[in-house]
Amino acid sequence: MLSQLGYTMLSNGQTYQQYSIRAVFKNFPSEAWLMDMYPVQQLLTIDTLPKLTADFSGVHLHKMRFSAELFRDVFGVKQLYYWYQDELLICSNDLLSVLACLPKTPAPNEAVIHKYLNLSDTADFIEEDTFFEGIKRVLPGQKVRFSMQGVEKQFFWKPPEVTQNSEETGTFKTAFINSVQFKLNQNSHVAANLSGGLDSSSICSMISQKTSANLNGIFFDTGLESASESNYAHAVSVENDFDLHKVKSNDDLLKDIRYMTAVTGQPERMVVPSTIFLPIFEKTKALKAPLLFSGHGGDNIIESGRAWLDHLFKKRNFKRLKAELRKQWQLKSKVEDFEIYFIEQLTPYLKGNALLKATQLFLIPEVDKSKAFHFIKSKLNQKGKLSPTLILKTRSSKKYNELKREIPKGKTGRIMESCLSGLSIQSLETLDAIGAQKQITSVYPFLSKETLLSSASVKDELNFDDARLRGLLRDAMSGILPDIIRDRTDKAAFTDYSYECFNRLHEQTLTSFPNDHQLWSFVDYSSFKSLCEYTFKSEIPLNKKSKAIIQCSRVLYLGIWLNEFYSS
C-alpha cells in the first residue's frame, strides 16, 4: 500500500525499514542511500557529511555490516524521525509515515507536553523526544548509527569558536550573497515571504539586485493594526521592481489548525499561528514558483546586539551601561522617567529574591535611590494583579539535552543555541511538512555555516548600533536595502493578531473539550478557565497578557492534537 502512495521501502530483512515520499534513492551493491536534500550535492561517503552546505536529512544503509545511519543538516531545516524497538527501526522525513507503520499510536509524551504547556520549550535546545512516546527526532547536525553493537549517537559538525574582534561587515555581506545565490540554485522564478522587516526585506533586495531571478513577494495581511507593515513591504517591492501579492487567513481558523496538526503530527506552538503560512504557500503554488524564500533564522544568526549590554553588566561597568541604556530609552521607550527605565532594565540582571534584588539595586552608585524605592514599592503593589497560574497535571523530565555538550561557549555557541531552540526547529519542521504537501521547497539564506561564522566574528557593540540594534545587517545592506527599512527601529509585535486568533479559536472550540476529555488529564480545567478570563479583560493591555494568550492557545492546540490522534 505504501509503495502505491509513492513511498520507498529499504530493508535488510532484520533491522531496518525506511519510508519516504521525497527521498532520492541511490542503490549500490554494498550500500544504499536515501536523501532529501536541497540544493543537491554529491555525498561520496558518510564521512563527508561535515562538508555539505545543503539542507538535508538522510539514511545510509550498509548492506554487508547490517547497519543504518540517520543524519540531518546542522540547522535542522529538514526533518527526520525514527522509532526503534525490538531490533526494528522505522524512520522517515515525515512523522506521519512513522506513525503509519506502527501497530497502534504511541501514548502522548507527558514530559514533552509539560514543557510545551509551561513554555519552557521555547528557548531551550530542541530535544530528541517528540509528542509521541518512543518516536524520536534526529537532532540537527546529528548522526545516529544502528548496528548489531547497539545505537551510537554523535554530532558530525561542531561549530568552531570564532574570535570576536571584527568591526567590518564585508565578510558577512559576502557570505549572505553567497547563501542567497546558492539557495537560488539557478531557479529563474521564485517567491519570498515578505513581512516588511529587516530580514525578509534584505533577502528580497538581494535576490532582486544580485541575481537574475524573477521574484514575487508575498505579504500576509492580518487586517489589524499590525497590517501597517505592508507599507514597508510595498516600499521594498517598488524599490526593487517586483510584484507584491497580499494574502489573508482563511475564514475557518479551526479547520486550518486541524489541517496543520494532521500534516505535522504536532500541536501548533507559534505565538502567531503557523496557519498564516497556508495562504502564503497556496499563493506560491499558484505562481508556479518552486522555491519560497524566508527570513527565518535572521534574528538568530544576526543577534539584536543586546549582548553588548550583558557584557557591560558582567564587567560592572554601570556608567557605560547607563549611557547605552539612555540611547535605547530615547529611541524606543515610552517610560517618561529615564531613572525608572534604567532600574527596570537593570532588574532582570539581578539574582535572588525581591529583597536581595532591592539590596543590589541600592549598592549600584548609578542608581537613583529615591527612584529605586518608589520602583520597588510599585512592584510590591502590583503583586496582587499578576495573571493567574496555569496548573499542570504533568511532570517535567530532567533528561540531559545532548546538544548542550556539543555547542561551544562564546558568541558562536550563543547564536547556535538560538538557532537550535525548540521554537525555531519546530517552526522549520512545520514549514518542511507544509512544503512537502504543496511540493514547494522553503529556503533560508540566513541559515548557513558561512553566515554564522562571519556574524560570530563581529563585535557585539557594533551590533548594538547605538541602540538601533542589529547593526551588522543594517551596515551590510547599505546601498542595497531601502533606507526606510534600513533605518527603522520599530517592528509590529503581532500581539493583536495572536489575541484575535485565540479569541476565534476559543469560540470555535467551546464544546470540543467536555469535562471528561483527555485534555484535562494534562491541565487543570479551572485554572485554564481563570487564565482565559484574565486574557479577556479589556482593561489589561495586550503586551501585559501575551504569555497568558500563548498558554491558553497552547491548551486549545493540545486538545486539537489529542482529538486528531487519540479520539475514539
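Phenylalanine 220 is buried, because its relative accessible area is 9% and the cut-off for buried is under 20%. This is a predicted model, so please keep that in mind throughout.

Let me start with the whole chain. The chain has 22 helices and 15 strands. Its radius of gyration is 25 Å, close to the 24 Å that the globule rule gives for 568 residues, so the chain is as compact as a globular protein of that length. Taken along the principal axes, the C-alpha atoms fill a box of roughly 80 × 60 × 45 Å. Of the 568 residues, 55% count as buried. If we take contacts between residues at least 6 apart in sequence, 72% of them join residues at least 24 apart.

Now the rings. A pair of aromatic rings is described by the distance of the centres and the angle of the planes. How many aromatic pairs does the structure hold? There are 23 aromatic pairs. In one of them, the rings of phenylalanine 176 and phenylalanine 446 have their centres 4.6 Å apart and their planes at 20°, so this pair is stacked. Phenylalanine 176 belongs to helix 3, residues 170-184, while phenylalanine 446 is in the loop between strand 15 (441-443) and helix 16 (449-456), so the pair ties together parts that are 270 residues apart in sequence.

Phenylalanine 220 and tyrosine 497 form an edge-to-face pair, at 5.6 Å centre to centre and 70° between the planes. Phenylalanine 220 lies in strand 12 (residues 214-220) and tyrosine 497 in helix 20 (residues 495-508), so here the pair ties together parts 277 residues apart in sequence. Tyrosine 497 counts as buried, because its relative accessibility is 1%.

Rings can also be linked into a group. Ring pairs join Tyr116, Phe131, Phe132, Trp561, Phe565 and Tyr566 into a cluster.

Charged side chains come next. The charged end of arginine 316 sits over the ring of phenylalanine 313, 5.3 Å from the ring centre. Arginine 488 lies over the face of tyrosine 232, at 3.7 Å from the ring centre.

Phenylalanine 182 lies in helix 3. Its relative accessible area is 27%, so phenylalanine 182 is partly exposed. Not counting residues up to four places away in sequence, phenylalanine 182 touches Pro39, Gln41, Thr53 and Ala54. Asparagine 300 is 118 residues from phenylalanine 182 in sequence and 20 Å from it in space, C-alpha to C-alpha.

Last, the sheet. Strands of a sheet pair through backbone hydrogen bonds, either parallel or antiparallel. In this model, six strands form an open sheet in the order 2-3-4-5-9-10, with antiparallel pairing. Which strands stand at the edges? They are strand 2 (24-27) and strand 10 (150-155), each with a single partner strand, so one side of each is left without a neighbour in the sheet. On average, neighbouring strands of this sheet are turned by 15° against each other, direction ignored. Strand 2 pairs with strand 3 (residues 31-38) in the antiparallel sense over four bridges. In strand 3, methionine 35 stands opposite valine 24.

That is the end of my part.

Conventions. Residues are numbered from 1 along each chain as its sequence is written. Side-chain values use heavy atoms; hydrogens and water are left out. Rings of Phe, Tyr and Trp (its six-membered ring) pair if their centres lie within 6.5 Å; planes under 30 degrees apart count as stacked, over 60 as edge-to-face and the rest as tilted. Helices (H or I, at least four residues) and strands (E, at least two) are DSSP runs, numbered from the N terminus. Buried means under 20% relative accessible area, exposed over 50%, partly exposed in between (1.4 Å probe, protein chains only). A charge sits over a ring if NZ of Lys or CZ of Arg is within 6 Å of the ring centre and within 35 degrees of the ring normal. Contact means heavy atoms within 4.5 Å. Two strands pair if DSSP finds at least two bridges between them. Axes are lines fitted to C-alpha atoms, for helices over the stretch in contact, and angles run from 0 to 180 degrees between N-to-C directions. The radius of gyration is taken over C-alpha atoms; the globule rule is 2.2 Å times the number of residues to the power 0.38.
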